[in-house]
Structure formats: structure tokens, C-alpha cells
Amino acid sequence: CDSVDFSGALGLYVKVGAMVHVQWYSGAFTVANPVSNSARIHSLPFTPKSGYYGSASFAHTTAFTNAEVQGWTNSSSPQVYVSNIGNTGGNNWSSGSSKYVMMSVVYYTDD
């Protein structure tokens, strides 16, 4: 979603060999113009390994229309695809202000 500004975000990552672990907290942000079934969190520090999927868990979030949220990575780009628990179908950004995301992601990279 191009209308999300994560300028107050806090995050860190640890890379051990090919494994990457990211922890990230967005801080408050506003979603102005959400696009259906396309909630993604961009700019992971490394591109995920070709042919492998990583997993993302959310400890706290108010940013998506479905609160039962999970996420995953694939080798197409360095981003987390946000989905509903139990499937890989897309979740939506929830419009409004004071939205938050707290996320942990583990994946492998070729970098």
C-alpha cells in the first residue's frame, strides 16, 4: 500500500549464515487508501532464498481487517505477504489512523 508511512518504525535483524531473523515494530501510522488483498510489508534486509518460504508471526497488530493474521515470504521479493491464519490468501490493510504492527520473521537467503 503506497499510502503507508513507516517513518517511526523500529526494527532489527540478525543473520547467521543463511538464516535471517527480523523483529520489527511499526509505531503508529495511518492507512489512507488500502488496496484489497495486498497487505505487504516491504524492505526485508535480504531477498528470501529461491524456492523456500519463510514465516512471519504477529504479536500485536491493529493494521489489518482480519485480526487473525500470519505472514510468509518467498523468493520473488524482500517482503512479507500478510495473510489470514490457515491459508495464504491476502489480508487487507485497515484504513484509519493509529495503526500498529509488531512482527517477527524468520527466513533463509542466498545473500
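Select Trp 72 to begin: at 18% relative accessibility, this residue counts as buried, where buried means under 20% relative accessible area, exposed over 50%, and partly exposed in between (1.4 Å probe, protein chains only). The model is predicted, so local features need pLDDT of at least 70 and side-chain atom pairs count only at pLDDT 80 or more, while totals for chains, interfaces and linings use all residues. Residues are numbered from 1 along each chain as its sequence is written, and side-chain values use heavy atoms, with hydrogens and water left out.

Next, widen the view to the aromatic rings. Tyr 25 belongs to strand β2 (residues 19-25) and Tyr 100 to the loop between β8 (96-99) and β9 (101-108), so the pair ties together parts that are 75 residues apart in sequence. Strands (E, at least two residues) are DSSP runs, numbered from the N terminus. Tyr 25 counts as partly exposed at 27% relative accessibility, and Tyr 100 counts as partly exposed at 25%.

With ring centres 4.6 Å apart and planes at 15°, Trp 72 and Tyr 81 are stacked. Tyr 81 has 12% relative accessibility and counts as buried.

Now select Phe 29, Phe 58, Phe 64 and Trp 93, which form one aromatic cluster.

Move on to Lys 15, which lies over the face of Phe 46, at 5.4 Å from the ring centre. A charge sits over a ring if NZ of Lys or CZ of Arg is within 6 Å of the ring centre and within 35 degrees of the ring normal.

The last stop is Val 14, found in strand β1 (residues 10-16). Val 14 is partly exposed, with a relative accessible area of 46%. Display its contacts (heavy atoms within 4.5 Å): not counting residues up to four places away in sequence, Val 14 touches Met 19, Val 20 and His 21. A distance drawn between the C-alpha atoms of Val 14 and His 42, which are 28 residues apart along the chain, reads 17 Å.

Key:
Helix = DSSP H or I, 4+ residues; strand = E, 2+ residues; numbered from the N terminus. Phe/Tyr/Trp six-rings, centres within 6.5 Å; stacked < 30°, edge-to-face > 60°.
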